[in-house]
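Please open the model in your viewer and keep the selection tool ready. The tour below goes from one place to the next, with a note at each stop on what is to be found there.

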Amino acid sequence: MKRVLTYYLRPYYLRMCLGFAVKFAGTIMDLCLPWILAHMIDNIIPMNDRQMIFVWGFLMILCAILAWVGNVVANRMASKVARDTTEKVRHDLFSKVTYLSNQSTDAFTKPSLISRLTSDTYNLHQMLGRVQRLGVRAPILLIGGILITLTLDPVLTLILVSVLPFIVLIMTSTSKKGIPMYAKLQEALDQFVRLVREDIAGIRVIKALSKTEYEKERFASINEEVVKIEKKAGMTMAVVNPAMNFFLNIGLVLVILAGAYRVNAGHCEVGKILAFMTYFTIILNAMMSISKMFVIISKAVASADRIVAVLDAEDERELEVIAKKEPEGVSEEGQDAMICFDQVSFSYNHVENNLTNINFSVKKGETLGIIGETGSGKSTVVSLLLRFYDATEGTIYIDGRPIQSIPIQELRRRFGVVFQNDALFEDSISENVRLGRELTEEELKQAILYAQAKEFVEEKNRGYYDKLNIKGANLSGGQKQRILIARALAAHPDILILDDSSSALDYRTDASLRKELKEHFKETTTVIIAQRISSIMHADHILVLEDGEMIGYGTHDELIASCQVYKEIGRSQMGIASEAS
């Protein structure tokens, strides 16, 4: 919360001070009204001077108008500050999330990051707006009301003030309990968001397998848990209002009794008692507003801590100044390779390795095929290449430079990537290929041509500008993959990674794609992860993985002769492989 108050609100300090001044003036006008009324009843009306009554009546109307105008202007200023501050926080949070390493994303979890970007920023917005509107007005009404009642009747004021310590004690004790509860509530909401996200993404599978009732039960369970935690937090904070009313009403009863005796004794006037009762109502409303602010602040503090935790998350992928050295464990030809893995090992959980002692090198313009059973570590190799994670041991070199010494943005610009489960956005085909990059129309069309997508794209109603549904739901699996491949090819990357990106392509289209890559991307180093030997058998190098270890490396013919696992895969697919060739 401190960072929000000191960093994000700093540009608006002047505007806030001006808003506070306007709000202060409007609140003072509100406080003047009961005093003017008491003065008219006790002093002006007994004079039977109609002109003076109109003068004081006009003064009351003027104060009421000034109070209304001041509060409206101040509230609008407060809303603008809250809106702009939250916008900046949300922007920085989103920017941070997009640059988080996969390791940090895994630690926070994606549902939690979504929750922090939505409900947590909303709680912060509510707090900033409410505190500016009521944070000035309520204390002024409370303190100002007490001070003015002291001028009316000190004895009655002391009776009223005597109950305030009990109210303060209740508010502070409930707030200490409430803040941890709201933090726990936000964690429960993270799980809620995760379940909703999964169910919506997999709605077709749920329907196809008749698991609707099962998912409804899961949803009901997590929903009930959220309600339970929210109910507990709400019940804890709900103690404040009834307790305040109880003590304030006790004070009110004592004030009325004491006031009656004092009026009978001639120590107090009727107008002052009437004004005192009005100020009592003002003080009561001020205390109620303060109690509501405590609830909102409790939520906001919990949310702000969660937001700041992401904003302050350290990037473990710091840029290192590493002197260029010759990679160890590879041939002399690999010394100047475009991609080189030098004794690389990696573990997701830092307990057991997911990759162990990986060594290979690929020169500029060459193609590397990676094959292995599910879970063998194929996609992990890609994650290390893109520096989503850092290797636990060993070094990865890109064009002779240690990957840790290359700025992340410079590194990523060298890649064109098609992931196993990649995303298409609800936008036109051209924008899905362009993806915000400055590509000419010719480059765009060439990429679609090379990816074997031109034929079906031009058949669309609006061709390149035909709009896709979310996740490309209005395309077939093969069409999706060709659009994704076009996206990866569009900027002519130095390194092209195709992670099982031809699984939905027929053999003819797959062969045509390989031909286009060979003809038009001779200078591009290509890494192909595949399940089918036919997709990688023409590669310059083939890496065979099993349980995160290299069990074969070489050309197709070399591996058929030397690697038993590769030979078995080839035997099971031989008919298909021969057909493809």
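What volume does the largest cavity have? The largest cavity has a volume of about 60 Å³, where a cavity is, on a 1 Å grid over the protein atoms alone, a set of points where a 1.4 Å probe fits but cannot get out, and a volume is the space filled by probe spheres set on the points, which are joined across faces, edges and corners.

Before you select anything, note that this is a predicted model, in which local features need pLDDT of at least 70 and side-chain atom pairs count only at pLDDT 80 or more, while totals for chains, interfaces and linings use all residues. Residues are numbered from 1 along each chain as its sequence is written, and side-chain values use heavy atoms, with hydrogens and water left out.

**Stop 1: the largest cavity**

Select Leu498, Ser501, Ser502, Asp510, Leu513, Arg514, Leu517, Ile528 and Ser535, which line the largest cavity; a lining residue has an atom within 4 Å of a point. Helix 18 gives the most to this lining, with 4 residues; helices (H or I, at least four residues) and strands (E, at least two) are DSSP runs, numbered from the N terminus. By class, the lining has 4 nonpolar, 3 polar and 2 charged residues, where Ala, Val, Leu, Ile, Met, Phe, Trp, Tyr, Cys and Pro count as nonpolar, Asp, Glu, Lys and Arg as charged, and the others, Gly among them, as polar.

**Stop 2: strand 8**

Next, select strand 8, residues 525-529. Because 5 of its 5 residues are buried, strand 8 is largely enclosed by the rest of the structure; buried means under 20% relative accessible area, exposed over 50%, and partly exposed in between, with a 1.4 Å probe and protein chains only. Thr525, Val527 and Ile529 point one way from the strand, whereas Thr526 and Ile528 point the other way.

Strand 3, residues 367-372, pairs with strand 8 in the parallel sense over 4 bridges, and here Leu368 has Val527 as its bridge partner. Strand 7, residues 495-499, also pairs with strand 8 in the parallel sense, over 5 bridges, and Leu496 stands opposite Thr526.

**Stop 3: the second largest pocket**

The second largest pocket has a volume of about 390 Å³; a pocket is an open set of points with protein on both sides within 12 Å along at least five of seven lines. Select Thr367, Arg514, Leu517, Lys518 and His538, which are the closest to the pocket's centre of the 15 residues that line it. Helix 18 (507-520) and strand 8 (525-529) are the elements that give two or more residues to this lining, and the largest share, 3 residues, comes from helix 18.

**Stop 4: the second largest cavity**

Move on to Arg15, Met16, Gly19, Phe20, Ala74, Met77, Ala78, Val81 and Gln132, which line the second largest cavity. Its volume is about 40 Å³, and the elements that give two or more residues to its lining are helix 2 (13-44) and helix 3 (50-99).

**Stop 5: the cysteines**

Finally, select Cys63, which is buried, with a relative accessible area of 6%. The structure holds 0 disulfides, a disulfide being a pair of cysteine sulfur atoms within 2.5 Å, and the cysteine sulfur nearest to that of Cys63 belongs to Cys32, 5.2 Å away.

Terms used. Two strands pair if DSSP finds at least two bridges between them.
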